[in-house]
Amino acid sequence: MVVGVVTPIGILAVNAAAFVMRHLTEFRVGLAAAALVSGMLLNGAAIRFARRNAPLLYAEYRRVALAAAVLFVAVPSAIGAYWTYLGLVDPGQLPNRWGVLASLGMLGLPFAVTYVDRRYLRRREVAAEREEQMEQGPPARARPRPR
């Protein structure tokens with residue numbers, strides 16, 4: 001059953017790849033545009049996740065947050081799209097270092113933003129717990145039971 005399903009899908013994938021390789025110059029701009037849109041969507045989702053978890057920080061530092069959004073969304077997406085475009089110049093040199101680096105960078109940045117946001121969120125939770133413990137005072141000493 002598995003071989004019966006995987007084989008036709010593999011044949012379709014090979015034929016699609018051959019078609020793209022034969023018409024790579026036509027696909028080059030479209031793939032670079034798709035890389036730009038993909039980078040914007042992935043990085044934008046990471047920024048929205050960070051904004052949702054730190055609303056007070058975003059409210060207080062609105063301009064810094066907007067600058068960070070440009071730096072972490074638009075610039076890497078544009079660089080990834082450009083590297084994708086450069087990587088598809090010569091079909092004989094595929095897989096290409098620039099295309100692989102662009103793909104890895106566009107995949108890695110949203111994970112990095114999410115990781116940093118979660119570390120920040122955890123530090124904030126620990127600080128809030130400590131502050132709450134300080135307000136309650138020192139823990140009561142356990143008294144020995146009378147015999």
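Predicted model: local features only at pLDDT ≥ 70, side-chain atom pairs only at ≥ 80, totals over all residues.
**Charge on the surface**

Let's start with the positive side. A patch of positive charge on the surface brings together Arg48, Arg51, Arg52 and Arg62. Helix 2, which covers residues 24–53, supplies the largest share of this patch, with 3 residues. Arg48 sits in helix 2, and its relative accessibility of 46% makes it partly exposed.

The negative counterpart is built from Glu129, Glu131, Glu132 and Glu135, which form a patch of negative charge on the surface. Glu129 belongs to helix 5 (residues 97–136).

| Residue | Relative accessible area | Class |
|---|---|---|
| Arg48 | 46% | partly exposed |
| Ala78 | 39% | partly exposed |

**A look at helix 4**

Helix 4 runs over residues 62–87, and Ala78 is part of it. How far apart are the end C-alpha atoms of helix 4? They lie 37 Å apart, which agrees with the 38 Å that its 26 residues should span at 1.5 Å a residue.

Several residues of this helix are buried: Ala65, Val73, Ser77, Gly80, Ala81, Thr84 and Gly87. Ala78, by contrast, is partly exposed, because its relative accessible area is 39%.

Methods: Residues numbered from 1 in each chain as written. Heavy atoms only, no water. Patch = residues over 30% accessible without salt bridge, like charges linked within 9 Å, V, L, I, M, F, W, Y side chains within 5 Å. Areas by Shrake-Rupley, 256 points an atom, 1.4 Å probe, with all protein chains shown as cover. Salt bridge = Lys/Arg side-chain N within 4 Å of Asp/Glu carboxyl O. Lys, Arg positive; Asp, Glu negative; His and termini not counted. Charge placed at Lys NZ, Arg CZ, Asp CG, Glu CD. Helix = DSSP H or I, 4+ residues; strand = E, 2+ residues; numbered from the N terminus. Buried < 20%, exposed > 50% of the residue type's maximum accessible area, 1.4 Å probe, protein only. Expected span 1.5 Å × (residues − 1).
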